[in-house]
4 protein chains.
Amino acid sequence: MKRIAVLTSGGDAPGMNAAIRAVVRSGVYHGLEVYGVYRGYSGLIQGDIKKLELGSVGDIIHRGGTVLYSARCEEFKTEEGRQKAVEQLRKHQIDGLIVIGGDGSFRGAQKLTALGFPTIGVPGTIDNDIPGTDFTIGFDTAINTVIECIDKIRDTATSHERTYVVEVMGRDAGDIALWAGLADGAESILIPEAPYQLDEIVERLKRGGERGKKHSIIIVAEGVGSGVEIGEKIKQATGWETRVTVLGHVQRGGSPTAFDRVLASRMGAKAVELLLAGERDKMVAIRDNEVVGVDFDVAFSQKHQPNMSLYELAKILSI
Amino acid sequence: MKRIAVLTSGGDAPGMNAAIRAVVRSGVYHGLEVYGVYRGYSGLIQGDIKKLELGSVGDIIHRGGTVLYSARCEEFKTEEGRQKAVEQLRKHQIDGLIVIGGDGSFRGAQKLTALGFPTIGVPGTIDNDIPGTDFTIGFDTAINTVIECIDKIRDTATSHERTYVVEVMGRDAGDIALWAGLADGAESILIPEAPYQLDEIVERLKRGGERGKKHSIIIVAEGVGSGVEIGEKIKQATGWETRVTVLGHVQRGGSPTAFDRVLASRMGAKAVELLLAGERDKMVAIRDNEVVGVDFDVAFSQKHQPNMSLYELAKILSI
Amino acid sequence: MKRIAVLTSGGDAPGMNAAIRAVVRSGVYHGLEVYGVYRGYSGLIQGDIKKLELGSVGDIIHRGGTVLYSARCEEFKTEEGRQKAVEQLRKHQIDGLIVIGGDGSFRGAQKLTALGFPTIGVPGTIDNDIPGTDFTIGFDTAINTVIECIDKIRDTATSHERTYVVEVMGRDAGDIALWAGLADGAESILIPEAPYQLDEIVERLKRGGERGKKHSIIIVAEGVGSGVEIGEKIKQATGWETRVTVLGHVQRGGSPTAFDRVLASRMGAKAVELLLAGERDKMVAIRDNEVVGVDFDVAFSQKHQPNMSLYELAKILSI
Amino acid sequence: MKRIAVLTSGGDAPGMNAAIRAVVRSGVYHGLEVYGVYRGYSGLIQGDIKKLELGSVGDIIHRGGTVLYSARCEEFKTEEGRQKAVEQLRKHQIDGLIVIGGDGSFRGAQKLTALGFPTIGVPGTIDNDIPGTDFTIGFDTAINTVIECIDKIRDTATSHERTYVVEVMGRDAGDIALWAGLADGAESILIPEAPYQLDEIVERLKRGGERGKKHSIIIVAEGVGSGVEIGEKIKQATGWETRVTVLGHVQRGGSPTAFDRVLASRMGAKAVELLLAGERDKMVAIRDNEVVGVDFDVAFSQKHQPNMSLYELAKILSI
């Protein structure tokens, strides 16, 4: 193996740049040439590929987003598109590809491996929803962004009868809502994995009001429903003023946290090592603080589940 | 004058604590006793009044919200309610009252003065919408909160055809949208003071797309309309993905900026000086970097207008 | 067990308040009365003990420092002092004590257990230097504080021949320097666990300069030596301008990160569960993402060692 | 005037990028071609000059540092060096130069004007020490950086007898120390403009200790002396533990605040307008919220003085 490439795909996540840096620098350390593919699978098909040097990844470890950009690509979903991708890789004499992204990106990578091209995945998504790894790159930053916003909402010191609803990302996975909710002492946390009862939420709110709470915060993962609509329901059920915040793409950005930078650095370096060891069709994962390789098939055979003991703990601590 | 009181009223704003601290400390410095009224005019009517010492306002200069709390008060809008308020003040042998709040709070203060009780206003509101002062306490913090959020949105590096709509506070005044939009290079800024043309926004977006802009940001003051609805309109007009963020009460909180802490400190101290000089029926204002007293009547006779030259500048710089 | 107490001891760490909150709330959830001991062992000896209610720990999860304060206590190091402490606990009818702090605080706790009083430790220190647990409360916040500062240093864009030395905390343990250095791409990381060679540092600096690096950052754990002095040595060896930052107690404060709040919440709740299960002479630890109880003796028999694979990785990635 | 150039010189300051963006975009708006000179006067002499387009300054408004870099230049201090600079400008057919920097940079600009080449200065320095303007670009960001650090020091809740000394930038001007000290309620503020008495500092510390203050903070501008040494003196005089923080170049970086971005945008645009109006030998200034042009000679004839009324106020409020 003499020449490898790296791309970022899917929704971007803080820490992707740290992972790119680690791929390039550890690749060079091991005597490889490293190429960057711009705009994900779309740029791969179009041959938007450039050599990266040590200096190409200087001063990016602390930046959000991805210097390689990311884009959706319908064409890559076709057999023909993937053939073009492999041709581009061969044309550039690239021997292995590292794909930084989420679940969907890895399924694409697996199909390249099926076409005979070695790929390794690095889990980068703020949603933390990839089975087989304890954490994904970007998740820690996203939950810190959320709690910084909620901390500010906490400051508003008004009448007792006020409720704040905060809608956070998470179409299928409740990890962001769950961790941020626990970390911020939210009164109720609504996640796709646990059905919610409006009655129970209202009861908790009223109990808090009676106890003299100055405000109550309800975190809603977007997969559960619209924060605006849930806020309206709560208002009707309680008669209290209800204010809604929809954080949206604020959660995708920001300078990565130390945890995400270290995780991304370790994972990027591990991906290079796996390629050098002749591995393919695997993703890098962190399990019990160790960075390891996991077969894509093993990862895909599982279903991601957030740590539901945190859900129970959050209920106890927000009484 | 031997004994004065201070209260916070209306929507809270970062820096109110710094103003309270300045009232207490400079009051004590001038030999006065200073009392805190809790929960605004509501607490005033109910006699929720306590003596504040130097140490009562220690370690609060950097905290958002207000340690005196704030609350709406329907009763104070009645003649009877205001009579009760004056009685409470007299009962506690208080000689002057400092009201930290917005426009509506000052109209209440003025009515106390009409009942013979000296009041001085200190402008505290994130909206910067009080005529007669260049800046209000909390505005600088609010716009910094907004731009920190928009900076994060800027990080997401995806396809060209994506638009972000950010709804910010400002029911009647566009100052937050205007300053934050200029500070963040927003493509379009929608404020109540300037009618918007959907056509023009769409045209600017398309021009940016042609020029290769990776994303476009549109800031909407809530007084203009719902960010969600405006996002929908833009999506329909452009066919581009449009993501909406509604920052809500995130903007009311946070540790105050240096500017707001210094402004609040100066204004709080000035309010005490005005009371001591026998002034009443005035608000403290900052004009051309000087902290001065302005008659409530003069302030109320004007209409707040944001600096529209910034609006023109923002248009030029976001081409 | 009907009544338990909690105290914080030693240098404070962000997240201690979240741990106190978790102790109180999960204690009440399990039907216990929970008392707070103020100013650590010093307050324990003096009987500075008050009952904490659910509301006593409201709105503290996001605050740095400790609402129970912390203080050194020479008297507790004597047999007589510890006897007084146990008498106070018995006088208040307290059945178990949770000590949030570091190594030294736990040795104190163990001596109370030896006097027949059940204690459980919760590891709270920014240094991450307690054997037996993967992480301590406060460490994640501290390294994020350090990297935010270094990120700002990174912005200064001047001549190539400039070196920045940043002295961080860590008298005996290099964890802060190591993680922050890896997370920020520092050119050299000086930790107590690895002897440093001035020659090697200078060589790395020169190599970076030749490669066109705009700046080089050297992180020094305080246990290695004074940042000011090491900066002077580097300046003499390279002839380059060398700027020194000594972060000091900035690293002890700040709102805790999501990671620290979740860790502290889990650990505080676990400490209560351990007491209820009749355990004593143990500390709570996180191992492989699980929160467990570990015998103090087992913990003390080990020596803390940072993850040296990160040290090697940092060297590779900062070439 | 058809073609103008812009450079950044001296110590960099947050907001310089926003000023560069404003120069380029408003230049293009007015039909000009705008060139960027890299690495200050040094790059000017060497002809390191490139055309900047609208897109060249996209996504930089929020970044610290300067995309044009900055460097010291001994050669420019010679007549010969400046002749070379003018030749380069003429060779590139540039009709006017905008210099973003401090005092020293402006004296250089003035000498170019003396050689017949029109220059306009834009005040960019964190020190706020340029006479003739109320504020300089970068100052607001720097003081916010300082107070964020001091806020963290405030969190540490230990014994009463502890003093924190924070050394901040300011060799000749005390503005950073003064504003940050007032904004953070520092017990003592040591600036070059006011001689300090160790006795008075110690007395204030002791008074605070008696009043039950949990900590005392002393801000020292570097021009007054070394924070480490002053800390040592205080320790000897009080016998209390004294901890020192030296913030160093942390203060030069960071994303600019809203205030600095708006100020820089206005000033950059004004500089272009001045050049177009045939002005030269002037600097842009903000006076009483208005952005105006001021003769270099007028500016240089004054001496910068911080607002000493803030110094008095800080003393009153930190009792």
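This is a predicted model: local features need pLDDT of at least 70, side-chain atom pairs count only at pLDDT 80 or more; totals for chains, interfaces and linings use all residues.
Which residues does the UniProt annotation "binding site" cover in chain A? The unreviewed entry lists A:Gly11, A:Arg72, A:Cys73, A:Gly102, A:Asp103, A:Gly104 and A:Ser105. A word of care on that record: UniProt positions are given in the numbering used here, feature names are shortened, and annotations may be inferred rather than shown by experiment.

Residues are numbered from 1 along each chain as its sequence is written, chains are lettered from A and ligands numbered from 1 in the order in which they are written, and side-chain values use heavy atoms, with hydrogens and water left out.

Let's take two of the annotated residues. A:Arg72 sits in the loop between strand S3 (49-52) and helix H3 (79-91) of chain A. When I say helix or strand, I mean DSSP runs, numbered from the N terminus: H or I of at least four residues for helices, E of at least two for strands.

Is A:Arg72 buried or exposed? A:Arg72 is exposed, with a relative accessible area of 65%. For these words, buried is under 20% relative accessible area, exposed is over 50%, and partly exposed is in between, using a 1.4 Å probe and protein chains only. Not counting residues up to four places away in sequence, A:Arg72 touches A:Ser42, and from chain B it touches B:Glu241 and B:Arg243. Touching, or contact, means heavy atoms within 4.5 Å.

A:Gly102 lies in the loop between strand S4 (96-101) and helix H4 (103-114) of chain A. This glycine is buried, at a relative accessible area of 14%. Leaving aside neighbours within four places in sequence, its contacts are A:Ser9, A:Gly124, A:Thr125 and A:Ile130.

On to the interfaces, starting with chain C and chain A. Here 45 residues of chain C meet 45 residues of chain A. About 3900 Å² is buried between them, and carbon and sulfur atoms give 61% of that area. Buried area is the accessible area (1.4 Å probe) that two parts lose on being put together, summed over both. On the chain C side, C:Asp59, C:Val262 and C:Leu317 lose the most area to chain A, together 14% of what that side buries.

How many salt bridges are there between chain C and chain A? The count is six, where a salt bridge is a side-chain nitrogen of Lys or Arg within 4 Å of a carboxyl oxygen of Asp or Glu. One of them pairs C:Asp151 with A:Arg261, with the closest N and O atoms 2.7 Å apart.

Which parts of chain C supply the surface that touches chain A? Helix H1 (16-29), helix H5 (139-155), helix H6 (175-183), helix H9 (258-276) and helix H11 (308-317) of chain C each supply at least two residues. H9(C) gives the most, with seven residues. Sorted by class, that side of chain C has 20 nonpolar, 12 polar and 13 charged residues. In this sorting, Ala, Val, Leu, Ile, Met, Phe, Trp, Tyr, Cys and Pro count as nonpolar, Asp, Glu, Lys and Arg as charged, and the others, Gly among them, as polar.

Next, chain B and chain D. In this pair, 45 residues of chain B are in contact with 45 residues of chain D. The buried area is about 3900 Å², with 60% from carbon and sulfur atoms. B:Asp59, B:Val262 and B:Leu317 lose the most area on the chain B side, together 14% of what that side buries. Six salt bridges are found across this interface. B:Asp59 takes part in a salt bridge with D:Arg154, at 2.6 Å from N to O.

A last stop at two backbone details. Most residues other than glycine have a negative phi. A:Arg39, although not a glycine, has a positive phi of about 60°. A:Arg39 is in the loop between strand S2 (33-37) and helix H2 (40-46) of chain A, and is partly exposed at 27% relative accessible area. C:Asn289 has a positive phi too, of about 70°, and is found in the loop between strand S10 (282-287) and strand S11 (290-295) of chain C.
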